[in-house]
Amino acid sequence: MTYIREIDGKWYAFAADPDNGQVYSIGKDNPDQGRWFGRLTDSGIKYVASPCPSRKAAYMRAMRNGSYGGVL
C-alpha cells in the first residue's frame, strides 16, 4: 500500500507495511530499478522518499505507484 505524510511542512509519498514497521521507496525514488527501505519513522520516510511540491502531488505519486492507503 502507498501512503502520504507531512513532515516539517513537506509532503512525502511512500509505500509501507505498517505490520512490520517498514517503509519503501516508490516511483522516481527507486534508483536503478532498486528499492530503498527504512523504518516507519519520519527519518525513515525522509530517507526513502523525496519531498513533493504539494499534498496533491504526493497524493498523485502515491496513486500512480500502488494501492493508496491514505495519510499515515
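Mentor: Let's start at a turn: in the hairpin of β2 and β3, with four residues between the strands, Gly21 has a positive phi near 70°. Strands here are DSSP runs (E, at least two residues), numbered from the N terminus. Mind that this is a predicted model, where local features need pLDDT of at least 70, side-chain atom pairs count only at pLDDT 80 or more, and totals for chains, interfaces and linings use all residues. Residues are numbered from 1 along each chain as its sequence is written, and side-chain values use heavy atoms, leaving out hydrogens and water.

Trainee: Which residue stands opposite Ala15 in β3?

Mentor: Two strands count as paired if DSSP finds at least two bridges between them. β2 and β3 (residues 22-24) pair antiparallel over three bridges. In β3, Asp17 has Gln22 as its bridge partner, and opposite Ala15 you'll find Tyr24.

Trainee: And on the β1 side, which residue of β2 does Ile4 stand opposite?

Mentor: β1 (residues 2-7) and β2 run antiparallel, joined by six bridges. They make a hairpin with two residues between them, and Asp8 in the turn has a positive phi of about 55°.

Trainee: How many of the eight residues of β2 are buried?

Mentor: Buried means under 20% relative accessible area (1.4 Å probe, protein chains only). β2 (residues 10-17) is largely enclosed by the rest of the structure, because its buried residues number six of the eight.

How values were computed:
Buried < 20%, exposed > 50% of the residue type's maximum accessible area, 1.4 Å probe, protein only.
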